[in-house]
Structure formats: C-alpha cells, structure tokens
Amino acid sequence: MPFPDEPSQVTVVEYRPEWPREFERLAGQLRDALGDLVVAVDHVGSTSVPGLPAKDCIDVQVRMTSIDEARDVPLLAAIGFRCRPEPWNHHEVSAGQRCRKLVFAPPIGARRSNVHLRESTGPNARFALLFRDYLRADRSAREGWGAFKQRLAVSVPDLLENGQIKAPATEVLMAGAERWAAETGWQAGPFQQE
C-alpha cells in the first residue's frame, strides 16, 4: 500500500538513462545511514535493466548482515525513510523459504523509490539479482516483459490489482531465469554490487 503522498496508480514509462545515477545517490545515502551492517547495495527491479520500460521508481536492495527491525527502522527513519507497515513488506517466500525483509518508502517529497533490506545470504536477495541479470542478458525476455508490463499498466492501473496479476507472471519469467542461470553458470556473488 502506498503512503498518502505516493501514487496508487501504475504508470510505466520508457527506460530513462538517469536511473543508474539516481540509484547511486540513493545507495550512498543508505550506506552512510547503515554503515557496517551493509554487505552490498544493489540496483534491482526494472529500472536496473537498460532498455526495459518501468515505473519511475528506483528499487534498491540492501543486502544486510542481518535484519533487525528495532535497529534498522530508526537508522533509516533518521534520514526520512518510512518503513512500510504491511505484513508482506516484512516477510516474503523465495525458493520455498520464508525470508525476513523490510521495505521502506522514501522521505516525503524525495525521489520515488523502494528500499528493500534483505539478509545477504537469503534466497530472496538472490531472486532480485537473478531477475535483474536475466533481463539484462536476454533481449527476448526483456522485450516480452516490458510489453507485458506496459499493457498491464494500461488495462489494470490500480497498484494493488496490478501487483496481484504481475506476481504469477513473474514466477513464469523466473522459471526461464533459473534455466538461464543453470545453462550459463550464473551465480549471485556475495559482494556483487550494482
């Protein structure tokens, strides 16, 4: 659920070359706020894939040594980031394993973003990196995923409904990503950053 200052409608735009620079600015703020707890900060999601249409919202994955809500929420609140309260923003299932996470919205008036704190060794952190790297590597998958997201945003612009439809399609996409990972020997390096 978006906060009141955030859009509740999905709009997908063409890839913007400024997204990597905007990610770098966010990554620097997050590294400064979280310090030695950070293993890596990754640009993930659709804005991390050159040429892929996306919502104009930067997704950042911060791979942490551990997730501790009582410790992490105040650290990010000190720089204005707001912890999303919904249960699905505190846990997710990846590779059949329930994983802890925390998702933060940006400060009011700041650049739109979602900041995902995940444990560095969790399958959910691997999932985000595989999604990104597969779509970067496979032009056909990237073009198909982009066209799907554009059509879906036009026909189902409500953020929650859009996400519910996109979730099973993401599972299909990731089955292809897993095959690609097996064929190419792709692995999520423990300190790989982007």
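## Cysteines

How far is the sulfur of C83 from the closest cysteine sulfur? In this predicted model, the distance is 15 Å, and the partner is C57, so the two are too far apart for a bond. A disulfide would need the sulfur atoms within 2.5 Å. The count of disulfides is accordingly 0.

C57 has a relative accessibility of 7% and counts as buried.

## Helices α3 and α4

Helix α3 covers residues 123–137 and helix α4 covers residues 139–155; their axes come within 5 Å and cross at roughly 110 degrees. That angle makes α3 roughly perpendicular to α4.

On the α3 side, the contact is made by F131, Y134, L135, R136 and A137, and on the α4 side by R139, A141, R142 and W145. By type, the contact residues are 6 nonpolar and 3 charged, with no polar ones.

## Salt bridges

Side chains of opposite charge can pair when their charged atoms come close. The structure holds 12 salt bridges. One of them joins D72 to R71, with the closest N and O atoms 2.6 Å apart. D72 is buried at 0% relative accessible area, whereas R71 is partly exposed at 25%.

D133 pairs with R132, and here the closest N and O atoms are 2.8 Å apart. Both D133 and R132 are buried. K101 and E92 form another salt bridge, at 3.3 Å from N to O; K101 is buried, with 7% relative accessibility. A network of salt bridges links R16, E22, D56 and R111.

Definitions and conventions: Residues numbered from 1 in each chain as written. Predicted model: local features only at pLDDT ≥ 70, side-chain atom pairs only at ≥ 80, totals over all residues. Heavy atoms only, no water. Axes fitted to C-alpha atoms, helices over the stretch in contact; angles between N-to-C directions. Helix = DSSP H or I, 4+ residues; strand = E, 2+ residues; numbered from the N terminus. Parallel < 35°, antiparallel > 145°, perpendicular 65-115°, else oblique. Contact = heavy atoms within 4.5 Å. Nonpolar A, V, L, I, M, F, W, Y, C, P; charged D, E, K, R; others polar. Buried < 20%, exposed > 50% of the residue type's maximum accessible area, 1.4 Å probe, protein only. Salt bridge = Lys/Arg side-chain N within 4 Å of Asp/Glu carboxyl O.
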